[in-house]
Amino acid sequence: MSVSRRGFLQGLGSGRTAQAAAFMAGRGHEEYVAELMQQGGRPERRATPSLPPGVEAIRISSNENPLGPGKAAIDAILGKFPEANRYPFNSTPLDADLEILLAKLNNAKRENVVLGVGSQEILRNAVRVFMSPTKHLAQAIPTFETCGAVARQLGYPVKNAPVDAKMKTDLAAILPLVKGAGMVYICNPNNPTSTLVGTKELTAFVNEVRKASPTTAILIDEAYFDYITDSSYTTVIPLALQTPNVVVARTFSKAYGMAGVRIGYGIGDAATIKKMAAYRMPYNVNTFGVAAAVSSLKDPKHIEEERARNTAVRDFTVKALADMGYTSAESQGNFIFTDIGKTMTAAAFRDACTKQGVMVGRDFPPVEKQWARISLGTMDEMQKAAAVFRNVLRPTTTTAGKQQ
């Protein structure tokens with residue numbers, strides 16, 4: 001029996017749009033995937049924190065958009081239920097339509113784009129395509145864990161360069177590690193440190209890698225690009241399009257609010273993307289995700305509004321913690337990285353916050369004794385979270401505002 005859009009909406013009942021948005025936002029997904037990687041990919045039963053009666057959890061641990069997707073995306077997904085029986089290559093819009101649209105928006109061609117189940121598939125496949133037991137991974141530490149974790153699972157070597165004192169990816173420290181590498185991974189803005197490497201600096205680094213090790217691939221992860229407020233930064237997609245073995249990964253899981261829908265893509269020169277596409281899972285993207293992504297790309301105002309909302313929340317949260325005596329790295333994402341080491345470790349902070357209903361980020365070695373990652377929720381959530389932080393960290397200040 002076919003299900004009409006009206007029938008589906010009626011089945012959702014009251015608050016259906018909010019419920020749909022929450023489901024599509026997939027809050028907690030990034031944290032869960034990271035736990036799986038730490039467990040060697042073996043899912044284990046997750047213990048649900050015990051909260052006091054009447055306390056609702058504030059989940060600020062996975063860098064998601066707390067509002068979920070925009071109205072255009074929700075309408076597109078709900079409108080696709082009559083085509084749930086169709087493969088993405090046989091529905092409207094087609095997965096090819098999304099590839100063509102992404103190419104058009106980036107002054108490229110369809111052969112320059114490969115779709116993925118989130119950007120996770122792009123990152124995982126890049127490891128498989130470019131690395132081997134004799135071709136290592138070079139990356140910053142701490143950084144997003146997927147490439148390093150997959151490499152280790154496959155028995156491939158990993159070489160890490162520490163971030164600098166400002167928690168920025170230290171390209172100068174990575175450069176000596178690139179000779180003979182299968183791949184260099186740069187997350188920019190970097191997760192978990194939230195910091196950004198400038199366009200000119202990153203372009204110069206790519207050129208240096210190409211000179212030092214011409215066969216080494218460079219994967220630049222721009223998952224948080226839409227949250228960047230530094231006007232001097234521009235995407236390096238044009239560089240990837242004209243440079244062999246350079247791939248930029250993007251996702252609809254962050255600013256677009258679709259972490260639970262799982263749509264991402266890689267973009268680069270045609271020969272490089274052809275290698276990546278060979279590892280693409282058959283029918284990897286789904287009909288609903290394709291429709292939502294196409295609609296979202298045609299609604300740039302939603303991203304502008306989301307960036308402004310996030311910036312206001314970010315400024316509030318950074319200031320709230322600074323007023324308590326705790327400084328944060330310069331954030332260009334929808335999360336912050338805060339130095340709490342003079343009071344407690346990230347694990348102690350996380351456990352104490354959890355007892356009061358606030359879920360913050362996991363440990364990020366080797367700085368987990370000093371730095372904690374805090375994802376950004378709504379303004380209301382962060383105001384409540386700030387009160388919890390104040391209680392947990394218990395700062396003492398003088399009238400001049402200096403910590404004693």
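Asn-63 is found in the loop between strand 1 (58-59) and helix 4, where helices (H or I, at least four residues) and strands (E, at least two) are DSSP runs numbered from the N terminus. The model is predicted, so local features need pLDDT of at least 70 and side-chain atom pairs count only at pLDDT 80 or more, whereas totals for chains, interfaces and linings use all residues. Residues are numbered from 1 along each chain as its sequence is written, and side-chain values use heavy atoms, with hydrogens and water left out.

The phi of Asn-63 is near 60°, a positive value in a residue other than glycine. With 0% relative accessibility, Asn-63 counts as buried; buried means under 20% relative accessible area, exposed over 50%, and partly exposed in between (1.4 Å probe, protein chains only). Met-167, in the loop between strand 4 (158-162) and helix 8 (171-174), likewise has a positive phi, near 70°. Its relative accessibility is 7%, so Met-167 counts as buried. Most residues other than glycine have a negative phi, and most peptide bonds are trans.

The bond from Thr-92 to Pro-93 has omega near -5° and is cis; Pro-93 belongs to the loop between helix 4 (71-79) and helix 5 (95-105). The bond from Asn-188 to Pro-189 is also cis, with omega near 0°, and Pro-189 lies in the loop between strand 5 (183-187) and helix 9. Helix 9 (residues 199-212) contains Glu-201, which counts as partly exposed because its relative accessibility is 45%. Glu-201 and Ala-172 are 29 residues apart in sequence, and their C-alpha atoms are 10.0 Å apart in space.

Over the whole protein, the secondary structure amounts to 15 helices and eleven strands. Of the 404 residues, 54% count as buried. The accessible surface is about 17,900 Å², and 54% of this area belongs to carbon and sulfur atoms; the areas come from the Shrake-Rupley method with a 1.4 Å probe, and for residues only the protein chains shown count as cover.

Helix 7 (residues 146-153) is largely enclosed by the rest of the structure, because six of its eight residues are buried. The buried residues of helix 7 are Thr-146, Cys-147, Gly-148, Ala-149, Val-150 and Ala-151. Gly-155, which follows helix 7, has a positive phi near 80°.

The axes of helix 6 (residues 118-130) and helix 7 come within 9 Å and cross at roughly 40°. This angle makes helix 6 oblique to helix 7. Axes are lines fitted to C-alpha atoms, for helices over the stretch in contact, and angles run from 0 to 180 degrees between N-to-C directions; angles under 35 degrees count as roughly parallel, over 145 as roughly antiparallel, 65 to 115 as roughly perpendicular and the rest as oblique. Gln-120, Leu-123, Arg-124 and Val-127 of helix 6 are in contact (heavy atoms within 4.5 Å) with Thr-146, Cys-147, Val-150 and Ala-151 of helix 7.

The axes of helix 14 (residues 346-354) and helix 15 (residues 379-393) come within 10 Å and cross at roughly 120°. Helix 14 is therefore oblique to helix 15. In this pair, Phe-349, Ala-352 and Cys-353 of helix 14 meet Val-388, Phe-389, Val-392 and Leu-393 of helix 15.
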